[in-house]
Amino acid sequence: MRGGSLNAVALVLAVFFVFPVYWMFSTSFKPASEVLTETPSFLFTPTFEHYGTATGVDMFWTYVRNSLTVTVGAVLLALLVALAAGFAIVRMRFRGRKGLVLAVMMAQLAPWEVMVIVMYLIARDTQMLNSIGFLTLIYFVMVLPFTIWTLRGFIAAVPKELEEAAMIDGCNRAQSFFRVVFPLLAPGLMSTSLFGFITAWNEFAMVLVLNKESEAYTLPLWLTQFQSAFGNDWGATMAASSLFAVPVLLLFVVLQRRAVGGLTSGAVKG
């Protein structure tokens, strides 16, 4: 009886959270005449006209390229730096180690929106406004604290004796890390990559303030282009939102099993 009640509650919660996503995708395929009807329609003849409107925006593929560049670049940089920092925190003893861990945790807790003005002033003074490279560095800094914190837990979960055994067999410190520890960090790398991808992919405030030229827009700014003085084009907005969500959904499906296990393990180990 208790199990049935829990299943019922879980089903209700699942419907509650999934329905908005379903409505977004379904609205993107509705004819324009059925998007704003007073009576919701669940049966309709699907159309791709809204997707044509969404992808027909000038420089659409430029926005796609910019978003992929800043997101993938930020995630790869964060993984590279976090691996080195996490290894140093876990395996080495140095003055200020605990302070470094505390600083990483505090950086993760800080709301990045409060740094928008500071980042704007830095970009202006260094003539880096409308720069995809500078935006990549900002996103890298945004996802780095969580990446360090999570990978630290995974590195700590790998027995030190495995590295020592590899060094006895002739490996140096770097070789023991990449041949023994690195393959065991796959769940952590995937979970942190997924988090970093979502964070950088969805970020709106920084690019809105720093990148005013259309050539430097990313997809979150592209989503705002379906508003006009005559109101919102909801069909195109839903189509654009669906296209924007697809890469994250695909990435989650691919990494789902390892990413979920990685988030859980990284939270309790180390």
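Is Gln127 buried or exposed? At 73% relative accessibility, Gln127 counts as exposed, where exposed means over 50% relative accessible area, buried means under 20% and partly exposed lies in between (1.4 Å probe, protein chains only). Welcome to a predicted model, in which local features need pLDDT of at least 70, side-chain atom pairs count only at pLDDT 80 or more, and totals for chains, interfaces and linings use all residues. Residues are numbered from 1 along each chain as its sequence is written, and side-chain values use heavy atoms, with hydrogens and water left out.

**The loop between H6 and H7**

- Gln127 sits in the loop between H6 and H7; helices here are DSSP runs (H or I, at least four residues), numbered from the N terminus.
- Although Gln127 is not a glycine, its phi is positive, at about 55°.
- Asn130 is also placed in the loop between H6 and H7, and its phi is near 60°, a positive value in a residue other than glycine.
- As background, most residues other than glycine have a negative phi.
- With a relative accessible area of 23%, Asn130 is partly exposed.

**Helices H7 and H10**

- Helix H7 (residues 132-157) packs with helix H10 (residues 186-202) at an angle of about 160°, their axes 9 Å apart; axes are lines fitted to C-alpha atoms, for helices over the stretch in contact, and angles run from 0 to 180 degrees between N-to-C directions.
- That angle makes H7 roughly antiparallel to H10 (under 35 degrees is roughly parallel, over 145 roughly antiparallel, 65 to 115 roughly perpendicular, and the rest oblique).
- Residues making the contact (heavy atoms within 4.5 Å) include Tyr139, Phe146, Thr147 and Phe154 of H7 and Pro187, Leu189, Thr192 and Phe195 of H10.
- By class, this contact has 10 nonpolar, seven polar and no charged residues; Ala, Val, Leu, Ile, Met, Phe, Trp, Tyr, Cys and Pro count as nonpolar, Asp, Glu, Lys and Arg as charged, and the others, Gly among them, as polar.

**A closer look at Thr147**

- Thr147 belongs to helix H7 and is buried, at 2% relative accessibility.
- Setting aside neighbours within four places in sequence, Thr147 touches Ala78, Leu79, Ala82 and Thr192.

**Helices H8 and H9**

- The axes of helix H8 (residues 160-168) and helix H9 (residues 173-184) come within 9 Å and cross at roughly 135°, so H8 and H9 are oblique to each other.
- The crossing of H8 past H9 is right-handed.
- H8 brings Leu162, Glu163, Ala166 and Met167 to the contact, and H9 brings Arg173, Ser176, Val180, Val181 and Leu184.
- These residues divide into six nonpolar, one polar and two charged.

**The salt bridge**

- The count comes to one salt bridge, a term for a side-chain nitrogen of Lys or Arg within 4 Å of a carboxyl oxygen of Asp or Glu.
- Asp125 and Arg124 are the partners, with 3.3 Å from N to O.
- Asp125 is exposed, with a relative accessible area of 55%, while Arg124 is partly exposed at 44%.

**Around Met115**

- Met115 lies in the loop between helix H5 (97-109) and helix H6 (116-125), where it counts as partly exposed at 29% relative accessibility.
- Met115 and Met206 are 91 residues apart along the chain, and their C-alpha atoms are separated by 8.9 Å.

Conventions:
Helix = DSSP H or I, 4+ residues; strand = E, 2+ residues; numbered from the N terminus. Left-handed = near helix turned anticlockwise from the far one by under 90°.
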